[in-house]
Structures are given as structure tokens and as C-alpha cells.
Amino acid sequence: RDIVASARAHDGAPGDCFLASSDEIVTPCGTYLPEVLACKLWRWPDLRSDARLKNIATCTRKTRKHDDGRVCANPFHYGRVDVDDDSTCADSTTA
């Protein structure tokens, strides 16, 4: 299965893991980890950092990066973590 099929199969269920290389992806808009880019495209366009992501309990890749160098990039295998203190948040912007 590819990431599009995993994302479209959501229908209220998280679907299967989509494993991707943990290498950063360079786009014209910035450099992203694969799980951040997937979540940004399918769920949270304002997401900037993996610091605001947490794997859901049913994801078979409970930790972000495994020894094989791959991560789960299914955007429905992540929840967004609210961070109250912006001083400790890698997702905040500074002027």
C-alpha cells in the first residue's frame, strides 16, 4: 500500500502503517520529517514540528525511528499534542 491508499482508507479507522525512510524531505516550503509532512498535507496544515506529534496506541511503530531507519508516515497514526508553554515548543515561531 502507498501513503495515499493508507490516508484514504481512514474512514474512522487508522488503517495500516505506511513505512517511509526517516530521511528529511526537502520541499520549496521547507525541510520536513516524513511523518510531519504527511500530517501537514492530510490533517494539520499549520504543523511545523514533530514535537507536536504522538503515535496512537494501535500504530505498530510505537517509537518514531526504528533500527531499520524507517518511520510510520500514516497521518492517521498520529495525534496532535497541545503544548501550553511556547518557550519549550519547537513548533512556535519567534520574531
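User: What makes arginine 70 partly exposed rather than buried or exposed?

Analyst: Its relative accessible area is 35%. Buried means under 20%, exposed over 50%, and partly exposed in between, with a 1.4 Å probe and protein chains only. So arginine 70 counts as partly exposed. This is a predicted model, where local features need pLDDT of at least 70, side-chain atom pairs count only at pLDDT 80 or more, and totals for chains, interfaces and linings use all residues. Residues are numbered from 1 along each chain as its sequence is written, and side-chain values use heavy atoms, with hydrogens and water left out.

User: Why is the pair of aspartate 68 and arginine 70 called a salt bridge?

Analyst: The closest N and O atoms are 3.3 Å apart. A salt bridge needs a side-chain nitrogen of Lys or Arg within 4 Å of a carboxyl oxygen of Asp or Glu. The pair therefore qualifies. Aspartate 68 is partly exposed, at 42% relative accessibility.

User: How do you know that arginine 80 and aspartate 46 form a salt bridge?

Analyst: Their N to O distance is 2.8 Å, so the pair meets that cut-off. The two residues lie 34 apart in the chain. Arginine 80 sits in strand β6 (residues 78-80), and aspartate 46 in the loop between α2 and β4. Strands here are DSSP runs of E, at least two residues, numbered from the N terminus; helices are runs of H or I, at least four.

User: What makes arginine 80 and aspartate 46 partly exposed?

Analyst: Arginine 80 has 26% relative accessibility. Aspartate 46 has 48%. Both values fall in the in-between range, so both residues count as partly exposed.
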